[in-house]
Amino acid sequence: MKTILLVDDNNYIIDALALTLTRYTTYVNIMKAQNGREGVDIMNSTPVDLVLTDLDMPVMDGYGLVEHRNRHFPHVPIVVMTGDASPDVLRRLNALGVAECLEKPFDFDVASHLILKVLVRHHGIPVPRAEALHPVSV
């Protein structure tokens with residue numbers, strides 16, 4: 001079982017991503033945070049295998065969360081989602097070691113495939129290759 005931390009102040013996005021991910025695999029535990037500060041608290045108390053974070057949030061933004069990950073959990077892969085995927089933002093994310101970025105709005109199936117591909121790449125979780133992923137029947 002791998003733990004994915006979803007961080008966004010938009011409950012709809014977090015809930016929809018969690019639901020979509022569980023349609024593709026039962027091998028993940030989903031944790032949710034409303035902002036970077038809550039994400040840091042979870043990462044400091046619970047082993048996390050992947051973080052998906054928004055950039056624009058109150059209390060602590062996604063950049064702060066990425067910097068915390070870089071200092072304390074550099075082995076944890078991170079995927080960023082943002083409504084501003086401008087060249088400047090992408091350069092800043094690349095400089096922070098973020099290799100994967102989802103531009104909002106995005107398709108939840110596409111986001112789930114990307115998240116699972118990153119988990120496979122970093123942790124070898126037992127799911128089919130991302131190109132072969134199909135929802136689990138409910």
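Select aspartate 88 and arginine 91, both of which are exposed, that is, over 50% relative accessible area, where under 20% is buried and anything in between is partly exposed (1.4 Å probe, protein chains only). The two residues lie three apart, about one turn, in helix H4 (residues 87-95), helices being DSSP runs of H or I with at least four residues and strands runs of E with at least two, numbered from the N terminus. Asp8, Asp54 and Lys104 can be selected next, as salt bridges that share partners join them into one network.

A word on the model before going on: it is predicted, so that local features need pLDDT of at least 70 and side-chain atom pairs count only at pLDDT 80 or more, while totals for chains, interfaces and linings use all residues. Residues are numbered from 1 along each chain as its sequence is written, and side-chain values use heavy atoms, with hydrogens and water left out.

Select lysine 32 and aspartate 15, whose side chains meet in a salt bridge at 2.8 Å, N to O. Lysine 32 belongs to strand E2 (residues 28-33) and aspartate 15 to helix H1, so this pair ties together parts that are 17 residues apart in sequence. Lysine 32 is partly exposed at 42% relative accessible area, and aspartate 15 is also partly exposed, at 40%.

Move on to arginine 23 and aspartate 109, which form a salt bridge with their closest N and O atoms 3.6 Å apart. This pair links distant parts of the chain, 86 residues apart, with arginine 23 in helix H1 and aspartate 109 in helix H5 (residues 108-123). Arginine 23 is partly exposed at 28%, and aspartate 109 is partly exposed at 27%.

For the last stop, select Asp9, Asp56, Asp61 and Glu67, which gather in a patch of negative charge on the surface. Such a patch is made of residues with over 30% relative accessible area and no salt bridge, like charges being joined within 9 Å. Within this group, aspartate 9 sits in the loop between strand E1 (2-7) and helix H1 (11-24), and its 36% relative accessibility makes aspartate 9 partly exposed.

Notes
Patches are made of residues with over 30% relative accessible area and no salt bridge: like charges are joined within 9 Å, nonpolar side chains (Val, Leu, Ile, Met, Phe, Trp, Tyr) within 5 Å. Accessible areas come from the Shrake-Rupley method with a 1.4 Å probe; for residues, only the protein chains shown count as cover. A salt bridge is a side-chain nitrogen of Lys or Arg within 4 Å of a carboxyl oxygen of Asp or Glu. Lys and Arg count as positive and Asp and Glu as negative; His and the chain ends are not counted. The place of a charge is taken as NZ of Lys, CZ of Arg, CG of Asp or CD of Glu.
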